[in-house]
Amino acid sequence: MNRVKIFAPATVANLSCGFDVLGCCLDTVGDEMVISLTEEPSVKITKIEGANLPLETHKNVAGVAVEALLKSYSKDIGVEIEIYKKIKAGSGIGSSAASSAGAVWAVNHLLNNPFTAQELVSFAMEGEKLASGNAHADNVAPALLGGFTLVRSYTPLDVIKLNTPNDLVMTVIHPQIEVKTSDSRSVLKQNVSLKKAIQQWGNLGGLVAGLCTEDYELIGRSLEDVIIEPLRSILIPEFTAVKEAAIANGALGCGISGSGPSIFALSKSIKTANQVAQAIHGVYSKTGLDFDIHVSKINSQGVKIIP
Ligand code: HSE
């Protein structure tokens, strides 16, 4: 077996209170990729459909991530990568992470899994570094491990898979404007007041506890971001109106997905998540902007093989 076709999932990073450390994996949105092993020792991107992305290996996030993996592998092998993009670049739902994570997961699978999930996260982070200038792991970790993940530490890398409460459903609106992660990182302040830090780590602990104990009320109370959201939300048209509509229609919480412009809302059932989607649709229809809305259960598996 030297060829595999995979689903590389979209992800929602940060989850309000967990900037650069929390993320979760979606089920209904993602790219497809076909990865093959070859004898010629090189990494080639042979096809990209659905997006205008570079075919040169060193400029492509999937290529760079696979090169990082092969550097740690003892034998000389080659890899060919086909990418069928469905997640738009700059959407805030982990487009670059899906490509990086999908590629390293598939190569590891074809090599009979010589690397741990933690190692795969570190290879995929090289793709994130190329995409945004920063090797954050909060999209690639949930794409690779599935469910909700916490990056407890970056140096050394320590990624923890958290519990996924079964009833949680995500609604994501993606306004069709591009916000580059590097740009939305540049609006952030480098220092945080102790008062805000206390609020943020209280919420982060609350969210992790809520996920582990399946306490939906606690999850809702903890989905609050007093540090990043006030600075970034101004880049997103109608952010406040969307958030108000989501909460008014029963969402547990609502915030910016990753670095935006997508906005996520977490609900306790498909029914509520669909109601939230309708309400957000109503808000966004008035803006004249194009947008997509996705409703997705949490994908607790991560990258998966598809026929
Ligand atoms: N944690 C990253 C950020 C996620 O917010 O910049 C980017 O998708």
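Analyst: The lining of the second largest pocket has 12 nonpolar, four polar and three charged residues (Ala, Val, Leu, Ile, Met, Phe, Trp, Tyr, Cys and Pro count as nonpolar, Asp, Glu, Lys and Arg as charged, the others, Gly among them, as polar). This is a predicted model, in which local features need pLDDT of at least 70 and side-chain atom pairs pLDDT 80 or more, while totals for chains, interfaces and linings use all residues. Residues are numbered from 1 along each chain as its sequence is written, and side-chain values use heavy atoms, without hydrogens or water.

The second largest pocket has a volume of about 440 Å³ (the space filled by probe spheres set on grid points, which are joined across faces, edges and corners). A pocket is an open set of points on a 1 Å grid over the protein atoms alone, with protein on both sides within 12 Å along at least five of seven lines; in a cavity a 1.4 Å probe fits but cannot get out, and lining residues have an atom within 4 Å of a point. There are 19 lining residues in the second largest pocket, and Lys-189, Asn-191, Val-192, Ile-227 and Ile-228 lie nearest its centre. The largest share, five residues, comes from α6.

Ile-228 also belongs to the lining of the largest cavity. The whole structure holds one cavity of 30 Å³ or more, and the volume of the largest cavity is about 70 Å³. Besides Ile-228, its lining takes in Asn-14, Ser-16, Phe-19, Asp-225, Glu-229, Arg-232, Ile-256 and Gly-258. By class that gives three nonpolar, three polar and three charged residues.

The largest pocket contains about 610 Å³ of space. Its lining has 36 residues, with Ala-89, Gly-90, Ser-96, Ala-131 and Thr-181 closest to the centre. Two or more of the lining residues come from each of α2 (95–110), α3 (117–132) and α5 (181–186).

Around the ligand are Ala-13, Asn-14, Phe-19, Asp-20, His-136, Asp-138, Asn-139, Thr-181, Arg-185, Arg-232, Gly-258 and Ser-259 (a heavy atom within 4 Å). This shell has two nonpolar, six polar and four charged residues. Among the polar contacts (N or O pairs within 3.5 Å), a side-chain atom of Asp-138 lies 2.6 Å from a ligand nitrogen. Arg-185 places a side-chain N or O atom 2.7 Å from a ligand oxygen, and for Arg-232 the distance to a ligand oxygen is 2.8 Å. The protein buries 97% of the 260 Å² that the ligand exposes when taken alone (Shrake-Rupley areas, 1.4 Å probe).

Asn-14, a shell residue, is in the loop between β1 (3–13) and β2 (22–38), and its phi is positive, near 80 degrees. Most residues other than glycine have a negative phi, and most peptide bonds are trans. A cis bond joins Gly-260 and Pro-261, with omega about 5 degrees; Pro-261 lies in the loop between β8 (253–256) and β9 (263–267). The bond from Thr-155 to Pro-156 is also cis, with omega near 0 degrees, and Pro-156 is in the loop between β5 (148–153) and β6 (158–162).

Notes
Polar contact = N/O pair within 3.5 Å; in protein donor to acceptor, adjacent residues only side chain to side chain. Helix = DSSP H or I, 4+ residues; strand = E, 2+ residues; numbered from the N terminus.
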